[in-house]
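Subject: Structure for you to look at

Hello,

Here is the structure I said I would pass on. Please open it alongside this message; my notes on what was found follow below it.

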Amino acid sequence: MTFLAIDVGNTRLKWALYEAARPGALPLAHGVEFLEHIERLGEGAWTQLPAPTHMLGCVVAGDAVKRRVAEQMELWDVVPHWVVPQPEEAGVVNGYDHPMRLGADRWVAMIGARHRLLAQGPARPLLLVMVGTAVTVEALDANGRFLGGLILPGHGIMLRALESGTAGLHVPTGEVCPFPTNTSDALTSGGTYAIAGAVECMYQHLLRHCGQEPVCMMTGGAGWKMAPSMTRPFELVDNLIFDGLLEMALRRFGPAPG
C-alpha cells in the first residue's frame, strides 16, 4: 500500500510517495514544483511512480490550486483527501476560536511536531516556528493543546513592503549583523530580528503559562536562514508537514496489511 503526501504552500508544491501510510514509512520518491508549473506533474515526474493507494494533502493556496493538483492525479485511480483542521486529531487539541479556520499547514505541522517530541522523551510545552512566505509561531502545552499562534510576514514580504512603501530601498540582499552600517544589511537584519523577536515573545508567553521551559522546533524552506539568529536553541526539522500527514494517514487509512 503506497501513500502520497502533498504539501501545497504559497509558492511551491512538495510531494512524497511512501511505502505505507504510517510514521517512519520509507520514502520511495519525492519532489517539488512551483505552483505555476503544477501541470508538469501529470506529464512528468508522477508518470514514473507506482499508483498510490491513498493520498492526503494540505493546501493553503486556495481551491483553484487544489483543483489543478487533483487534475494531475487523474492518471491514478486514487481519491484525493485534503486536511481540514478539526477540534482534535492525532492527540492534538485545536484551541483556535473557529478550529476549521486554522491553516491546514499549521495544523498538520503541529501534529508532526507533537509526535516528534513524544518520540524523543516526556511531554513538554512546544514552540513551533514555520518559516516560509509567511512565518507562523505556534504554542502547545504539555498536554498537546494548541494555545494559539502568531502570523507575520516572511523576509520577502517585508522587503517588498519596504520597497513599495519607501523611496530608494531597491537594494541587494544584505547580511545579518548586530550593527548594520549599510542599507542592504539594515533591511536584512531588521527582518531577521523582527521574526526572532516575535518568536522570543511567544517563548516567554508559553514559559509563563506552562511554568516549564518549552521545546523549540523550526521548519520551513527558509528555516535555515533564521536558525543562527534565534535567541533560544532550536531543532531544525525538515518536512514536519509530511511527518504530520503520515501520523494522520495512519489513523485515517489504517496500517498496511501484514
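To begin with helix α1, which spans residues 63-72: its buried residues are Val-65, Val-69 and Gln-72. These residues cover an arc of only 55° around the axis, so they sit on the same side of α1. As a general point, an α-helix has 3.6 residues a turn, so residues three or four places apart point the same way. The cover over the buried residues of α1 includes β1 and β2. Please keep in mind throughout that this is a predicted model.

The sheet with β1 and β2

Strands β1 and β2 belong to an open sheet of 4 strands, in the order β3-β2-β1-β4, with mixed pairing. Its edge strands, each pairing on one side only, are β3 (27-34) and β4 (54-59). On average, neighbouring strands of this sheet are turned by 10° against each other, with direction ignored. Between β1 and β2 (residues 12-18) there are 6 bridges, and the pairing is antiparallel.

The nonpolar core

The largest nonpolar core has 37 residues. Which of them have the most contacts inside it? They are Phe-3, Tyr-18, Val-83, Trp-107 and Leu-245. At least two residues of this core come from each of β1, β2, β4, α2, β7 (126-131), β10 (215-219) and α6.

With β8 (residues 134-140), β7 runs antiparallel and is joined by 6 bridges; the two strands form a hairpin with 2 residues between them. Within that pairing, Met-130 has Thr-136 of β8 as its bridge partner, and Val-129 stands opposite Val-137 in β8. With β10, β7 pairs in the parallel sense over 5 bridges, and Leu-127 stands opposite Cys-216 in β10.

Aromatic pairs

How many aromatic pairs does a search of the whole structure find? The search finds 4. The rings of Phe-3 and Phe-253 have centres 6.3 Å apart and planes at 50°, so this pair is tilted. The pair links distant parts of the chain, with Phe-3 in strand β1 (residues 3-8) and Phe-253 in helix α6 (residues 240-253), 250 residues apart. Phe-3 counts as buried because its relative accessibility is 0%. Phe-253 also counts as buried, at a relative accessible area of 19%, since the cut-off for buried is under 20%.

Tyr-96 and Phe-146 form a stacked aromatic pair, at 6.0 Å centre to centre and with 25° between the planes. Tyr-96 is in the loop between β6 (92-94) and α2 (104-120) and Phe-146 is in strand β9 (residues 145-153), so the pair ties together parts that are 50 residues apart in sequence. Tyr-96 is partly exposed, with a relative accessible area of 28%, whereas Phe-146 counts as buried at 0% relative accessibility.

Ring pairs also link Trp-15, Trp-46 and Trp-76 into a cluster.

Regards

Notes. Residues numbered from 1 in each chain as written. Predicted model: local features only at pLDDT ≥ 70, side-chain atom pairs only at ≥ 80, totals over all residues. Heavy atoms only, no water. Phe/Tyr/Trp six-rings, centres within 6.5 Å; stacked < 30°, edge-to-face > 60°. Buried < 20%, exposed > 50% of the residue type's maximum accessible area, 1.4 Å probe, protein only. Pairing = 2+ DSSP bridges. Axes fitted to C-alpha atoms, helices over the stretch in contact; angles between N-to-C directions. Core = buried A, V, L, I, M, F, W, Y, C linked by side-chain atoms within 4.5 Å. Arc of directions from axis to C-beta. Contact = heavy atoms within 4.5 Å.
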